[in-house]
Amino acid sequence: MDPFSAEGELLTVHNAFHQGQYQAVLDYDTSSLSQSNAIPARVLRLRAQIATGDAQGAISNSQKEKGPDYTAVKAFAQYSSADNAGATKQIEQLLESSSENATVQILGGIILQANGRTEEALSLLSKHQGNLEAIALITQIHLQQNRTDLALKEVSAARKWAQDSLLVNIAESWVGMRVGGDSYQSAFYVFEEMAQTPSSTSSKSLISQAVSELHLGRLPEAEAALNQALQNEPKDIEAIANAVVLATIMGKPTEQQQYFEDLRKRQSDHALLTDLEEKSSLFDQAAAKYSAKVSS
C-alpha cells in the first residue's frame, strides 16, 4: 500500500508538509508507525525543520543516520544553507548509486533544477514510481519552462489515478494560474479552502490564496491574505516577495520600497531580485544603442 494514499498511515503528515504546516510535521507522533514508514516520516520531519529555517539543526539531527535518504536530506540542508557547491557534489555522488531512491529523486531534482540543469532534473524525476511529489515537481519545472502544455499533460495523467490527492489539486491549481480564464477561479477555490480551514491554514496557503486573488483582480482581498501571512510569519521570504509585487501594482511606493529592502536583506539572490536586475541590465543595454537628438 502507498503510505501516502488515502488509506496510508503517512497521509496526514504528508498533507501537512505540502500545506506548509511545518510545525505540525515536527510535532507529529511517529511512535505508532510501521517500520517501513519510519524513514519516510523521518525525512519529512527533517525537511520541515529545513523549511522553518533550521537547516543546520537538520544536519545535526541526521548526522549519525546512514543511507541515501539521509544523505540526500543533508545535501538539501547544505543547499538551503547557501552551500550550493557542496550540495551539488553530494547529489552527484548519490545519483551514481541511488538514483532509484525516492528521496534522492525529489531533493536531487530540486537541487539540479536550481542549478539550471533542467534536463537532468527531469530525467531524474521521471524515474519515479507513482510518486506524486515527483509529478508536482515535474509540473513546476514545465511551468518554469513556459511549457504549460506539458504541465497540463502531467497533472491530467495523475488525476486519472490520484483524483483525491491534495498534491494533484495543488499542481492542477498551479497550471490553472498559468492557463487563466475560468481556471483562476478554480485555483482560488483550492487555495482559499486550504488557507481558511483551521486544520490546513498556513502562511504558504495564504500566499497562494493572495496570488490567486491578485490574478482575479481582487487587490484588497489579496492584500488582506498577504498581510495575514506576514503577520503569522514576518520573515517568510515568499510572502515578502509577493508583497513587493502587490504594493507595486497597488501604487504604494513606500510599502514597495520597504518590502523590497527587506527582501534584499533576507535573500539577496531571490528570483524576483535577480530577474529585476537582469531586466534592468537588458534595458540599459538597449537604451545605450540610442542617443538623444539635440535640436539646434
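The legends below describe close-up views of a predicted model.

Residues are numbered from 1 along each chain as its sequence is written. Because the model is predicted, local features need pLDDT of at least 70 and side-chain atom pairs count only at pLDDT 80 or more, while totals for chains, interfaces and linings use all residues, and side-chain values use heavy atoms, with hydrogens and water left out.

**View 1. Confidence along the protein chain.** The pLDDT, which is the predictor's confidence in each residue on a scale from 0 to 100, averages 92 over the protein chain, and 96% of the residues score at least 70. Confidence is highest in helix α8, at a mean of 97, and lowest in helix α17 (residues 271-288), at 91. Helices here are DSSP runs (H or I, at least four residues), numbered from the N terminus.

**View 2. Helix α1 beside helix α3.** The crossing of α1 with α3 is left-handed, meaning that the near helix is turned anticlockwise from the far one by less than a right angle. V13, H14 and F17 of α1 touch L44, R47 and A48 of α3, with contact taken as heavy atoms within 4.5 Å.

View 3. V13, H14, A16, F17 and H18 of α1 are buried, that is, under 20% relative accessible area with a 1.4 Å probe and protein chains only. These buried residues pack against α2, α3, α9, α11 (166-179) and α13. H18 has a relative accessibility of 9%, and leaving aside its neighbours within four places in sequence, H18 is in contact with E133, L167, I170 and K204. Although H18 and E133 are 115 residues apart in sequence, their C-alpha atoms are 9.1 Å apart in space. Beyond its neighbours within four places in sequence, the contacts of Q19 include L166, M194 and S199. G20, which follows α1, has a positive phi, near 85°.

**View 4. Helix α8 against helix α9.** The axes of α8 (residues 118-125) and α9 (residues 132-144) come within 10 Å and cross at roughly 155°, which means that α8 is roughly antiparallel to α9. The contact joins T118, A121, L122 and L125 of α8 to A134, L137, I138, I141 and H142 of α9.

**View 5. Helix α12 against helix α13.** The axes of α12 (residues 182-196) and α13 (residues 203-215) are 8 Å apart, at an angle of about 150°, and therefore α12 and α13 are roughly antiparallel to each other. The two helices α12 and α13 make a left-handed crossing. Among the residues that meet here are Y184, F188 and F191 in α12 and S205, L206 and S208 in α13.

Notes: Axes fitted to C-alpha atoms, helices over the stretch in contact; angles between N-to-C directions. Parallel < 35°, antiparallel > 145°, perpendicular 65-115°, else oblique. Buried < 20%, exposed > 50% of the residue type's maximum accessible area, 1.4 Å probe, protein only.
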